[in-house]
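Good morning. Please have the sequence and the model open while I talk.

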Amino acid sequence: MRLEITGLNVRFGARSVVNVDHLGVDDAEIVGLAGESGSGKSMTTLAVLGLANTVGATVAGSIKLDGRELVGLPEKVLIGLRGSRIAAIFQSPSMAFNPVFRVGDVALRALRRHGLTGSEATGRVDQAMRGVLLSPDLLRRYPSQLSGGQLQRVAIALAVALRAEVLLADEPTSALDVTVQAEVLELLRELRSRDGMSVLFISHDLAVIAELCDRVAVMQAGSIVEQGPTDQIMSGPQHPYTADLLRSVPAIERRG
Amino acid sequence: MIEVPEAPAPAPTPAPAAAQGSRGWLRSNPLLAFGGAISALIVIIAVFAPLIAPDPGDAGSATHPFDVLKPPSAHHWFGTDQVGRDILSRVIYGARISPLVALFVLLIACAIGIPLGIAAGYFGGWLDDVIMRVTDIVLAFPALLLALALAALLPPSMTSLTIAISATWWPWYVRLIRGQAASVAGRPYIESCRALGISRRRIIFRHILPNAITPLIVQVSLDVGGVILTASALSFLGLGAQDPTPDWGLMVSEGQTYFTTDWWVVTFPGLAILITAFAFNLLGDGLRDLLDPRRVILR
Amino acid sequence: MAALAALLEIAGLEVRFGPVRAVDGVSLDVAPGPFGLGLVGESGSGKSTIGRAVLRLVPAAAGQIRFDGADVAGLRGRELRDYRRAVQIVFQDPDNTLDPRMRVGPAIAEALAAHGIVPRREAGPRLRDLLEEVGLDPDFASRYPHQLSGGQRQRVAIARALSVQPRLLVLDEPTSALDVRAQARILELIGRLRGERSLAYLLITHNLAVVSELCEQIAVLYLGRVAESGPTAELLAAPAHPYTRALRSAVPEIAASARSTRIVLHGEPPDATNPPSGCVFHPRCPLAIERCVVESPSLRAIAPGRLVACHRAEEVLAGVALSGAEQSDTVQPGAPQPAPPPKG
């Protein structure tokens, strides 16, 4: 498993918010983490990024990237890993970019920080932008001049340009129009198939997970209550919570 | 059929549970408790000054030529000033002066600032334009110079000082309240009120006002120190308190020349200003937290 | 054609915010309850603005809104008060939908008192009934909004709207900000209230699945105009507008069998300050032809009860393929790359 989480426990003082026995994402695989708000799924993302302590949480357990243990690594090492090996995109794309910088500058700076020269960086970013179906010209714009969908794609392009192996996507399409969402999901599928990226896709929208993810883990109150291939879980949930979630999803009714 | 209520709103960050009972209240609002205590102390000192001060006469025009510039001692805890007056007594009586000026100035500023701010923020349009332009004009004058000019026109006294400073203070509050009122007025719950046909008067007083006013409470407490300092600057220029009034600011100004040799003349009144401003600041912070309904405990 | 007179008639409604035409000539009818009309669209479609215009929260630049035959814009005094009882709205954002400084009970009692239904002091029993009706424990009356979950807050908002006994309820994305189970419960509540109170509602949402469960009629909006409208089941089963087809195909489905070929719309959601020429959808339309660039299609009947604004509606209805291969006989979009798009 490229990303392997074992016995992960995230706490705020005595209160445990994440208690995951096992969760893994393989090469070229999209794993969905489904749950409602308060289920601990976002804290799990932060823990993988080594950022849980910034909100005052303590992390125990094991998170391995290609066999290398991440929990307990010094911040300096983690900074090197973030973005280049593990990338993340979040729900609010506009908040991911500093509004006073052009998006291209942010991307280039990130690449140079990870060791590329100026021209190498520009080349990679341009190529990545084309890969997400955006014109590299858009890099000269400020975040406020781009739509939510475009910003999300730029964020993905950055992950691609950095050759990230693992992409953590925390509700990346919840704030997007459904047609734009479809494009972003298509893009994620391509990243998996074309570039072999591992994606951990966190969402409360089961329908999106059903369409996108190869495997799914259902999270409730910090623990994974059910896990397995998507088709299997969606058609035959074992856990009552999963069943309840599935029952709650409105469906377009089919007539005649 | 009544449904079992869903789980209560998940806390965004695990805030310490607000304990019940009076002791728990104290523990969860240390700022308010401390600030409130000191502020109350200052008020008590002001009220009971004649009983507390060792030499009440020194707060007035008494002079003691043989006790000039004596350092702090058992007899004079804060030492004596340049005409031999007991500084402790003067500082105690001073609690009646500067904070009172600050109180009146801020009250007046609020009395003008809040209605104008809400009118501008809620109604918008031409009313907003008119109010803000007038506010901008007053703000265009450097505050101290404006207060100076006004104070110079009036006979020097604490009353004139109060009027002069109030005249320069209200525009900031109009700005502050206007911004908040405008922001609140745009929120869905205000739209709901309008859609429900709730009267405009009720919307303004029951919904806009309480929600717009919170930043003002903190601002006012922060301004206590600011007003005291402004008052002292004006007193220094002879436009406010006159000797022998034991105004702290005046005492600091008067004692400046002796600072290097007789530090106590300036230090104790200065400390009084510092502590008063700090106490009200804490009080304001604590009040703001207390007034935030998110902190209210269920039953 | 409905035999009953429409409860709410919107005719040629236009709403402008400065130079932007948020609503650009929309006509819709809502029948008396129990009845649901779904307004579906993405950002910039104008659907929320229409809801606000119905409540007279924003002024109409042109067109008319008639309730029970009377022009809403002309109502004053007593008649306006009655209108405010008859038509109510529930907003999307559960965080800002209630005054954070007011407890639930007084918030609802306020509505009752505003219309003289029950004085504030005697509102107790009525409050209990209302809270029970929306599935909340009567104890909730003493709570503050921040002590409730998002779903519970929405229920309070619904209770408050219902307190004045409206005949028409505008629901502006009532579940978009809620978790999936809370969403299901609110939708269930709406369905129940519809039957119990013979309620008519205008359900504004971007979620086609929600509409299909609760609305008999649906109107699909794009950039302030109606793309197509008609009976929900029919329209969703066989759309007559390319946008509806694309929207439909973009909706994720749990059941693999329900998924159709994804029609990916390229380009960004339209910019209302710089709308494309001709048919506003043409830059993203897989079926756009020259005519679409120059001529804006008007809303016309394509089948009984079904209106559509598209030059090639018949083909779409007949099921012509919308995938990229078809673009050989289409033109490159005529509009320039739109200026930076607006926010959501």
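I will go through the chains in turn, beginning with chain B.

First, the ground rules. This is a predicted model, in which local features need pLDDT of at least 70 and side-chain atom pairs count only at pLDDT 80 or more, while totals for chains, interfaces and linings use all residues. Residues are numbered from 1 along each chain as its sequence is written, and chains are lettered from A and ligands numbered from 1 in the order in which they are written.

Chain B has 13 helices and zero strands. Helices here are DSSP runs of H or I with at least four residues, strands are runs of E with at least two, and both are numbered from the N terminus. Of the 299 residues in chain B, 40% are buried, meaning that 20 or more other C-beta atoms, placed from the backbone, lie within 10 Å of the residue's own.

Take one helix pair in chain B. Helix 7 (residues 143–153) and helix 8 (residues 158–185) of chain B pack at about 145°, and their axes are 8 Å apart. Axes are lines fitted to C-alpha atoms, for helices over the stretch in contact, and angles run from 0 to 180 degrees between N-to-C directions. Which residues meet there? On helix 7 of chain B they include B:Leu146 and B:Leu150, and on helix 8 of chain B they include B:Leu161 and B:Ile165. Contact means C-beta atoms, placed from the backbone, within 7 Å. The residues of this contact divide into 10 nonpolar, two polar and no charged. Nonpolar covers Ala, Val, Leu, Ile, Met, Phe, Trp, Tyr, Cys and Pro; charged covers Asp, Glu, Lys and Arg; the others, Gly among them, are polar.

Now chain A. Six strands of chain A form an open sheet in the order 6-7-8-3-9-10, with mixed pairing. Two strands pair if DSSP finds at least two bridges between them. Strand 6 (86–89) and strand 10 (223–229) of chain A are at the edges with a single partner strand each, so one side of each has no neighbour in the sheet. Strand 9 (residues 215–220) of chain A pairs with strand 10 of chain A in the antiparallel sense over six bridges. Helix 7 (residues 178–195) of chain A lies across strands 3, 7 and 8 of chain A.

Last, chain C, which has 11 helices and 12 strands. Buried residues make up 53% of its 344 residues. The C-alpha atoms of chain C fill a box of roughly 70 × 45 × 45 Å along the principal axes.

Notes. Buried ≥ 20, exposed ≤ 12 C-beta atoms within 10 Å, placed from the backbone. Contact = placed C-beta atoms within 7 Å.
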